[in-house]
Amino acid sequence: MTGHFTAPAAALADGLPGWVTLLRAPNPGPMTLDGTNTWVLRAPGREHAVVVDPGPADEGHLAAIAAQGPIGLVLITHGHPDHTDGSRRLHELLGGVPVRAADPAHTIAGEPLTGPGGELDGHGLGVRLVPTPGHTGDSVCFLVEYGDERVVLTGDTILGRGTTVVAHPDGHLGDYLASLELLSTYRGIPALPGHGPALADCGVAADFYLAHRRTRLDQVRAAVAGGATTAAEVVATVYADVDRSLWWAAEWSVRAQLEYLGRESGGGAAGLEQA
């Protein structure tokens, strides 16, 4: 889900490896950009592909994914509906292929994803689990390798355009900053996001996101110092130039920022009411 800033956080990727296919779901909107990205990954010469994020329960989109078969594994970056609502139907269309997510609620006929650095069966691809909580508690990324080519599938942790929201209370800003610091070490590796275009450098994008988040924290501190007493008042100050129809999403991030500042200072929510 996109945040306030709307430009790419890094240069766009010039192209994708030949073993990567993008299928974009027909669910564009303010929170999904052009639609949810479903990524199909198939090692050259191998029969089975790996799918990342089925997307919404759109029959045409799910049929397009199934047409890329055979598929041996479906992976989930996080549990938001625009990434997972199509999971069970795709599982059926693919004849019972496992769907694996960090959250057992979104895992079907397989084991939940656990532990940093876990190697997954990529059917000829090297697929490594990278836990990146923050946007949501169950957010993960995947480092995928074939030969000397690598990509990072970032879900909503890093988007192709703009910044993402921290979906408080499930998402936590402290976790998110730590996840961005981890992703900043993936220098020179393209980022394949859950929404928007592919980015040339995951590490550069993560650096930008970290700087953006720190600026936002400064703005929230200033809003509080200026007299804001609720999360809604902080939103009205910090996001004054954003369409009011998106303020509900901005309030998720503001609540997460207030919680973070409250913990930082040893107080509760930086001394503000959360209503």
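Which strands does helix H1 (residues 59–66) lie across?

Helix H1 lies across E1, strand E2 (37–41), E3 and E4. The views below come from a predicted model, in which local features need pLDDT of at least 70 and side-chain atom pairs count only at pLDDT 80 or more, while totals for chains, interfaces and linings use all residues. Numbering starts from 1 along each chain as its sequence is written, and side-chain values use heavy atoms, without hydrogens or water.

Helices (H or I, at least four residues) and strands (E, at least two) are DSSP runs, numbered from the N terminus. Axes are lines fitted to C-alpha atoms, for helices over the stretch in contact (heavy atoms within 4.5 Å), and angles run from 0 to 180 degrees between N-to-C directions.

**View B. The open sheet E1-E2-E3-E4-E5**

Follow the strand order, E1-E2-E3-E4-E5: 5 strands make an open sheet with mixed pairing. Two strands pair if DSSP finds at least two bridges between them. Strand E1 (20–24) and strand E5 (99–100) each have a single partner strand, so one side of each has no neighbour in the sheet. These two strands stand at the edges.

Now look at E3 and E4. Strand E3 (residues 49–52) runs parallel to strand E4 (residues 71–75), and 4 bridges pair them. Find Val52: the bridge partner of this residue in E4 is Leu75.

**View C. The open sheet E6-E7-E8-E9-E10**

Another open sheet holds 5 strands, in the order E6-E7-E8-E9-E10. The pairing here is mixed. Strand E6 (119–122) and strand E10 (191–193) stand at the edges. Each has a single partner strand, so one side of each lacks a neighbour in the sheet. From one strand to the next, the twist averages 25°.

**View D. Strand E8 and its partners E7 and E9**

Strand E8 (residues 140–146) is joined to strand E9 (residues 149–155) by 5 bridges. Strand E7 (residues 125–131) is joined to E8 by 6 bridges. E8 and E9 run antiparallel, and E7 and E8 do too.

Start at Phe142 in E8. Leu129 stands opposite Phe142. In E9, the bridge partner of Phe142 is Leu153. Then move to Val144, whose bridge partner in E9 is Val151. E8 is mostly covered, with 5 of its 7 residues buried. Buried means under 20% relative accessible area, exposed over 50%, and partly exposed in between (1.4 Å probe, protein chains only).

E8 and E9 form a hairpin with 2 residues between them. Gly147 sits in the turn and has a positive phi of about 60°.

**View E. Trp248 and Trp252 in helix H7**

Trp248 and Trp252 lie in helix H7 (residues 247–265). They are 4 residues apart, so about one helical turn separates them. The structure holds 2 aromatic pairs. Trp248 and Trp252 form a pair with ring centres 5.3 Å apart and planes at 85°, so the pair is edge-to-face. Rings of Phe, Tyr and Trp (its six-membered ring) pair if their centres lie within 6.5 Å; planes under 30 degrees apart are stacked, over 60 edge-to-face, the rest tilted.

How accessible are the two residues? Trp248 is partly exposed, at 43% relative accessibility. Trp252 is also partly exposed, with a relative accessible area of 23%.

The bond from Gly69 to Pro70 is cis, with omega near 0°. Pro70 lies in the loop between H1 and E4. Another cis peptide bond joins His168 and Pro169, with omega about 5°. Pro169 lies in the loop between E9 and helix H4 (173–183).

Leu33 has phi near 55°, a positive value in a residue other than glycine. Look for Leu33 in the loop between E1 and E2. Leu33 is buried, at 14% relative accessible area.

Ala109 has phi near 55°, again positive in a residue other than glycine. Ala109 is in the loop between E5 and E6. At 57% relative accessibility, Ala109 is exposed.

**View H. Gly18 and Glu149**

Gly18 lies in the segment before E1. At 81% relative accessibility, Gly18 is exposed. Gly18 and Glu149 are 131 residues apart along the chain, yet their C-alpha atoms are separated by 10.0 Å.

**View I. The chain over residues 35–195**

Over residues 35–195, the chain is 19% helix and 27% strand. The end C-alpha atoms of this stretch are 6 Å apart.
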